[in-house]
Structures are given as structure tokens and as C-alpha cells.
Protein chains: 2
Amino acid sequence: MQPSNVVPPARFGAQARLRALQSDIMELILDRELEPGDALPTENELCLALGVGRNTLRESLKVLQALGVIEIRHGFGMFVAPSNFEALADGLIFRGRLSLRHHGLEARQLVDVRHALEAGLIGSAMDEMTAEQLAAVEESVIRMEESAEAGEAFVEADAEFHRRLFEPLSNELLLNLLGVFWKVYRKIYTEVGPGVEDLPALAAVHRNIYSAVAAGDKARAARELTHHFEGFRQRIREAVGE
Amino acid sequence: MQPSNVVPPARFGAQARLRALQSDIMELILDRELEPGDALPTENELCLALGVGRNTLRESLKVLQALGVIEIRHGFGMFVAPSNFEALADGLIFRGRLSLRHHGLEARQLVDVRHALEAGLIGSAMDEMTAEQLAAVEESVIRMEESAEAGEAFVEADAEFHRRLFEPLSNELLLNLLGVFWKVYRKIYTEVGPGVEDLPALAAVHRNIYSAVAAGDKARAARELTHHFEGFRQRIREAVGE
DNA sequence: ACCGTAGCGGATGTCCCATGTCCCCCGAAC
DNA sequence: GTTCGGGGGACATGGGACATCCGCTACGGT
């Protein structure tokens, strides 16, 4: 009936079996040479093919959906999906917020990871940056400055600035990862941040980063990025130190 | 029937509702001030508290488990978990393998991300490294060399080497992330790798990295790491170019 | 002939229930 | 005091029923 890959003697841990089922589904996608965008078999067909019940199957399917492996469209079908890190961000944000209730260790580590990523990569990004890309970065800075002058927050321009900074690496996966940490940072920021932000100062920090990049001074660019994060680390310490 | 926080007019996408449920569960953990290791309410209690059926709840729960937010122990209960990136690695490995069927773009990007992480962080790690930690790194290299001489593969020593290299940063989260990319790299490596590995050469590469670190030469350390990855990028190109 | 809409079929979403499995706890026996 | 085994609670799995949604098609009006 089934390929014999089902339920050894159930002697394995339940957790391992669920992971095995996820692997089986991914293996099936690879075996059938499905490409992103292609439809998967229906739930019932998968139940039969994998020899598990619909509930069990759906639990694995949902996990794969959260991991961005598949996309599920209600009433239509399931498809191999392009990358999607949304769920990862949510999980990390949760961990950061959870840690803020204690000593904020993980929150600081999350910020440190973003810091390490950006400071470590800025040099390579500068090597590859074209004049157009540099101009795009400055455009984001200008939008920040305009917003700051008008007293408006500039979340969007901030995200764009950092994205454009690393676009020259032309690594979509890396940009997604940086985007995740940007989002995590942003969330932790609003959690521990002060009621009012010093918008002009924040815009100035980005202006400094830009000018270091424009000058081709990698060491200074990394240093300016460090400033960008250092103040925030301090604030976390204060927030949990109370 | 249910508390009324359910299904506005069901006008929302199904995907969004599932994500909202996950958020609700995480909010509930934060509200009740549960710490890692604490037990969550039972499934039935959560069903009542959140106003959803058990299956729907379980699908969200499994996602949170995969994200490392909670830990489910069969027959005992559910608990707030320490970080766990296992599922993330599986998802990334899948994407890499999937891309190898075509042009290997994502596989190369995955390797590039690991490269960028390690090369970008090695400098900071060297700043913080103590003599004991340096000795531990060399110990891993020696184990590699011994294994290579005996003609045995050294997967474990390899993982340990890279982990010890970045332990000085004392950022558990970052080490987990690097561990994920190590695992992804390893998997892609065995997928496209040659039947036989040049073990002595591989050990020598690590020896070179170590000596650059021991000498305190950051630029050379980053360069040696680049060598470590460059050959592999080439092999991916060959594997998909055939 | 064209277009808008109502209806149909199929697939996923949600839920409940029954049964299997596992784990911790505690009491009894040694 | 230690060990073994039963009990009870909690999760795991499977199946079925019904709700909901989506894309397609066929009908009817213009």
C-alpha cells in the first residue's frame, strides 16, 4: 500500500516522525522535479502517497508554509513557493520581547547579529556599488531628512536605506535575511524605545553612514554603523536595568 | 459558541488568520509572563482561551514548535523553549537543493551568505579571542589533520572548528545562525561534492585559517576564509553547468 | 456577438470525536 | 531507601462532516 516508509514501529519520538514527514514532503517535491510555482498534489493524494492522516499531514504542511517552502491557497491548491522569511522574523521578535522581561540578553544578541551583519558586509557592498546605487542610497537619506524636518517618522525610508546599502551584493537571500533582522530591530526598538524619537539625529546618523560610503572609506562606514547600533544597545540595558 | 474574537466576517485571508493565531499564542505567553521552561496551558485550555478548534490550534502550535518558540513533549505538556533553528536549516537546505535542479542560484547565495558572515565577523572574533579559545581552535585543526592522515572524514571537527572560531563573540544566537549555515553548506556540499574529498587539502585550508588568526592578521584570515569558499562556489557552477 | 453574473466542482479550512501513545508521579513491594 | 509498575493526564493520529473559498463555466441579458 505505502512505500514502507511509514511508522517504523512507532518506536521513534513523535517529534522525529513529524520532521521525517516534512522531509518526505520535500523529498517528494524534489523527486517529481517540481519548480517554484508548480502545484503540489492535493491533500488527499498526499495522505495516500505518504500513508498518514489528513490532520497529521496538514500539521507538516503548515510548518512548511511557515518556512516559506510551500504556499497554500484556500480553495485552489498548494504550490512550491519562493523564499519567505516572515515566520522567522516573528519567531525572533518573540524571543527578543520575551528576553526583555528579564535581562534582555537575546534582544541584545539580536541587535548584535544585525550589527555584525551590516558592519561586516558594508565593505564588500561598497566594492560592488555603482553610482546609481549610491545615488539611491542618498535619495533615501534625503527622504529621511525631509520627514525629520516635518516631524514625521520615517520607517519606510529607513528600511529602504538599509536595503539599498546592500543591494550591490546582489544576493536576494542575504537581503531577505537582513530584512528579517531589520524588522526584528524595529520591533524591539518600539518596545523599549522612548516615547519621542530624536528624528533629526537619526537622520544625521544615516547621513554620516552615507557620506562614509560615498567617500569610499570602509573603516569609517563600519564605525558609523556601529554608532547607529551602540546607542540602541545602551537603551536596552537601561530598559531592563530599571 | 466562541468568545467573539473569532472570524470577523471570515473576510480575511486564511493565511492571515493563521498568522494571527500564532501571534495570539505568543501574546498569551508574554501576557502571562511565562519564562523559558514554563509550561503552557493544555491544548484544550488554549482552545477555549483562543476560541478555535483543536486542529486549528495544533497547526499553529506545530509552526511555533518548528520556529523554536515552544517545545512539545508528548504526553506531558508544552513549554516555552530555548532557541531552536533546526527547522530553518531544513527549509534552507530544501531551497538550495531545489535550485540545484536549475541554475543553482540559491545554493550559491546560501554559500555566499555563510561566506559573508564568517569573513565579516572574523575580525571582531579575533579581537575578543583569548589564548584558551585560540588553543581550542588549533585543537580542532589537529583533529582534522589526524583524521585526514587516517583517511577518515572529519565532519564533527569541521563544525567544531567554525563554532570555536566565533565563540569569542559570546553571542549564542549568532552561533546558532552560523551553525545553520554550516549545516546548509555541508548538505549542499555532499549533494554536489565529488565522490572523494581531498581531505589533506581541506585540513590544510583550516590550518591556514588558524595560523592567520594566531598571527592576528585579520585581512589574511578573511582571505583564507574566502579561499575556503571559493573552490566550493566553482564546484557548484560546474555541477549545474553540466 | 459580447459581457456580467450566478452556479458548480473541487480543494482547503475548521471542527469534533475516538483511540493510540507517551510521560511523570506516586504508591506498593522488596 | 530503592525499584518497579499502575494510574491518570496530556499529546498524537486518524477519520469524518461541514463550512468556506476560489476559479471556471454556462447561462441570460443586452
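Helices (H or I, at least four residues) are DSSP runs that are numbered from the N terminus, and it is in these terms that the elements of this predicted model are named in the legends below.

**View 1. Lining of the largest pocket by helices.** Among the elements that line the largest pocket, α5(B) gives the most, with 14 residues. The space in this pocket comes to about 1,200 Å³. Its lining is made up of 43 residues, of which A:Gly120, A:Leu121, B:Ala119, B:Gly120 and B:Leu121 are the closest to the pocket centre. Two or more lining residues come from each of α5 (105-128) and α10 (218-241) of chain A, and likewise from α5 (105-128) and α10 (218-241) of chain B.

**View 2. Residue classes in the lining of the largest pocket.** When the residues of this lining are divided by class, 15 are nonpolar, 15 are polar and 13 are charged.

**View 3. The antiparallel strands β1 and β2 of chain B.** Strand β1 (residues 70-73) of chain B runs antiparallel to strand β2 (residues 77-80) of chain B, and the two are joined by four bridges. Within this pairing, B:Ile72 has B:Met78 as its bridge partner in β2(B), while the partner of B:Arg73 is B:Gly77.

**View 4. The hairpin turn and the two faces of β1(B).** Three residues lie between the strands in the hairpin of β1(B) and β2(B), where B:Gly75 takes a positive phi near 80°. On β1(B) itself, B:Ile70 and B:Ile72 form the covered face, whereas B:Glu71 and B:Arg73 form the uncovered one. B:Arg73, on that uncovered face, is also the residue that is bridged to B:Gly77.

Methods: Residues are numbered from 1 along each chain as its sequence is written. Chains are lettered from A and ligands numbered from 1 in the order in which they are written. This is a predicted model: local features need pLDDT of at least 70, side-chain atom pairs count only at pLDDT 80 or more; totals for chains, interfaces and linings use all residues. Side-chain values use heavy atoms; hydrogens and water are left out. Two strands pair if DSSP finds at least two bridges between them. Buried means under 20% relative accessible area, exposed over 50%, partly exposed in between (1.4 Å probe, protein chains only). On a 1 Å grid over the protein atoms alone, a cavity is a set of points where a 1.4 Å probe fits but cannot get out, and a pocket is an open set with protein on both sides within 12 Å along at least five of seven lines; lining residues have an atom within 4 Å of a point. Grid points are joined across faces, edges and corners, and a volume is the space filled by probe spheres set on the points. Ala, Val, Leu, Ile, Met, Phe, Trp, Tyr, Cys and Pro count as nonpolar, Asp, Glu, Lys and Arg as charged, and the others, Gly among them, as polar.
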